[in-house]
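Subject: Structure handover

Hi,

Here is the structure I promised to pass on. Please open it alongside these notes.

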Amino acid sequence: MEFECNEGHRIYAPWKKLRNKINAIIKTANKKKTDIEKLEYVYSQICKMTSYHTWDASKYNPMYVCSMDGPLLHGKGVCAAYADTFMAIANKMGYDSLCVGSHRTKEGHGWNQVKIKKNWYIVDATWGDDI
């Protein structure tokens, strides 16, 4: 399902839902006083809304479990989805954030780095969830 927005761009319904969820999180986060409090709120919301989806390479895994669609629209995801969601929200709030990954083990893992003022911090929402 799609619709035309004022600028003439086509937007698909899931993007509207994603945008609305992201904006709701940001609206509440921006009521916090410090950068740390704002980003901790984003982190906690991702952990609350998401259940870890155990990846099984021998079975079908819906692609949404690897992106922000998983946590924001389906309530589940793998570590990449947690990281993608945090990065998207933090970046929209004006912070420099990126996804970091490691493949030292068979499964690999993804997390974030976020810059607050002049310092970079590591954020791992997957480990903040009670898997």
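How many helices and strands are there in the protein chain? There are 5 helices and 7 strands. From the N terminus on, the order is β-β-α-α-β-α-β-α-β-β-β-α.

Before the details, a word on confidence. This is a predicted model. The mean pLDDT of the protein chain is 84, and 83% of its residues reach 70 or more. Treat residues 1–12 with care: pLDDT stays under 50 there. The model still gives that stretch 15 contacts beyond four places in sequence. Where pLDDT is low, the coordinates should not be read in detail.

Now the chain as a whole. It has 131 residues, of which 37% are buried. The exposed surface comes to about 8,500 Å². Carbon and sulfur atoms supply 53% of that area. Take the contacts between residues at least 6 apart in sequence: 45% of them join residues at least 24 apart.

Next, the core. The largest nonpolar core has 22 residues. Leu39, Val42, Phe86, Ile89, Met93 and Val114 have the most contacts inside it.

Then the charges. A search of the whole structure finds 1 salt bridge. Lys117 forms it with Asp35, and the closest N and O atoms are 3.1 Å apart. Lys117 counts as exposed, at 69% relative accessibility.

Thr126 sits in helix H5 (residues 125–128). Is Thr126 buried or exposed? Its relative accessible area is 3%, so Thr126 is buried. Thr126 and Tyr43 are 83 residues apart in sequence, yet their C-alpha atoms are 9.5 Å apart in space.

Over to you.

Best wishes

Key: Residues numbered from 1 in each chain as written. Predicted model: local features only at pLDDT ≥ 70, side-chain atom pairs only at ≥ 80, totals over all residues. Heavy atoms only, no water. Core = buried A, V, L, I, M, F, W, Y, C linked by side-chain atoms within 4.5 Å. Buried < 20%, exposed > 50% of the residue type's maximum accessible area, 1.4 Å probe, protein only. Helix = DSSP H or I, 4+ residues; strand = E, 2+ residues; numbered from the N terminus. Contact = heavy atoms within 4.5 Å. Areas by Shrake-Rupley, 256 points an atom, 1.4 Å probe, with all protein chains shown as cover. Salt bridge = Lys/Arg side-chain N within 4 Å of Asp/Glu carboxyl O. pLDDT = per-residue confidence, 0-100.
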